Amino acid sequence: MNFSKPQPLTIEGGKKAVLLLHGFTGSTKDVKKLGEFLSKRGYTVHAPIYSGHGVEPEALLETRPEDWWNDVVEGYNFLKSKGYQEIAVVGISLGGVFSLKVAETFPVKACVAMCAPITRDNSKGLFTRLYHYARLYKHFENKSKDQIISELHELRITPKDSLDGVTRLTTETRDELSTIKAPTLVLQGSLDDELYQESAPFILNTVETDDKEIIWYENSGHIITLDKEREKVYEDVYKFLDHVEWSVAN
């Protein structure tokens, strides 16, 4: 089975722009439904896809978090080049970390961090996620069992410097959280792993803005944009963005 490489997503919906950021091993599919929801309510959305993501898992280990961050910056600049002067940023998982880093680095109208592992201090668990992704990807490629076993073994012995880089980037972002002054919304699934559940209140308590809020989803795990309470997630993101004082009107 041949896979088509996921493409960046852009939906023009109004003069207010939102940069949407997907997670580690994910793609624009993580945030597509949310983007469609927002576009129908007057927002232009753009979701870049990070280098090495959405294709064969081996490609991810050939890239670095710095490459993925550059893709995020290019996404922000893409919206600027299209004439959007006011941009909000919304991200999930690693994309949530990136959304915080964007808010630390660039002017944004609002920042939404969903299930962002900002307290991560090691790369434990990252390869497990990549391994599960690889196994599923190779299965859907209709490869033989022996070939899958062989390729997964090769993946295990491949250098994983890029995964250590995720920890460095996360630490750098965590250290600058107090510089965030934009309205900030933190969303977290109650069924998510402990790392993420610890990170959510840490973000809320560390950002300096007075306009901040945290919402928990009792029946959701990690990728809350695709989980059981996704419609509520979309509505909560929209309501938060809508209460922000934008200079432009659609």
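How many cavities of 30 Å³ or more does a search of the whole structure find? The search finds one, a cavity being a set of points on a 1 Å grid over the protein atoms alone where a 1.4 Å probe fits but cannot get out.

The structure is a predicted model, in which local features need pLDDT of at least 70 and side-chain atom pairs count only at pLDDT 80 or more, while totals for chains, interfaces and linings use all residues. Residues are numbered from 1 along each chain as its sequence is written, and side-chain values use heavy atoms, with hydrogens and water left out.

**Overall form**

The protein has nine helices and seven strands, these being DSSP runs numbered from the N terminus (helices H or I, at least four residues; strands E, at least two). Its radius of gyration, taken over C-alpha atoms, is 18 Å, close to the 18 Å that the globule rule gives for 250 residues, so the protein is as compact as a globular protein of that length; the rule is 2.2 Å times the number of residues to the power 0.38. Along the principal axes, the C-alpha atoms fill a box of roughly 60 × 35 × 35 Å. Of the 250 residues, 56% count as buried, where buried means under 20% relative accessible area, exposed over 50% and partly exposed in between (1.4 Å probe, protein chains only). Among contacts (heavy atoms within 4.5 Å) with a separation of 6 or more, 75% come from residues 24 or more positions apart.

**The cavity**

Rolling a probe the size of a water molecule over the atoms shows where empty space is left. The largest cavity holds about 50 Å³, a volume being the space filled by probe spheres set on grid points, which are joined across faces, edges and corners. Lining residues, which have an atom within 4 Å of a point, are Phe 24, Ser 93, Leu 94, Pro 117, Arg 120, Leu 126, Arg 129, Val 166 and Thr 170. At least two of the lining residues come from each of α5 (126-140) and α7 (161-175). By class, the lining has five nonpolar, two polar and two charged residues; Ala, Val, Leu, Ile, Met, Phe, Trp, Tyr, Cys and Pro count as nonpolar, Asp, Glu, Lys and Arg as charged, and the others, Gly among them, as polar.

**Buried loop residues**

Most residues other than glycine have a negative phi.

The side chain of His 53 reaches the backbone nitrogen of Thr 25 at 3.4 Å. His 53 lies in the loop between β3 (43-47) and α2 (57-60) and counts as buried because its relative accessibility is 0%. Although 80 residues separate His 53 from Tyr 133 in sequence, their C-alpha atoms are 11 Å apart in space.

Ser 220 sits in the loop between β7 (212-217) and α9 (230-243) and is buried, with a relative accessible area of 0%. Its side chain makes a polar contact of 2.6 Å with the side chain of Glu 229; such a contact is a pair of N or O atoms within 3.5 Å, and within protein one must be able to donate a hydrogen and the other to accept it, with residues adjacent in sequence counting only if both atoms are side-chain atoms. Not counting residues up to four places away in sequence, Ser 220 touches Gly 189, Ser 190, Leu 191, Asp 192, Asp 227, Lys 228 and Glu 229.

How values were computed
1 Å grid on protein atoms, 1.4 Å probe; cavity = no way out; pocket = protein on both sides within 12 Å on 5 of 7 lines; lining within 4 Å.
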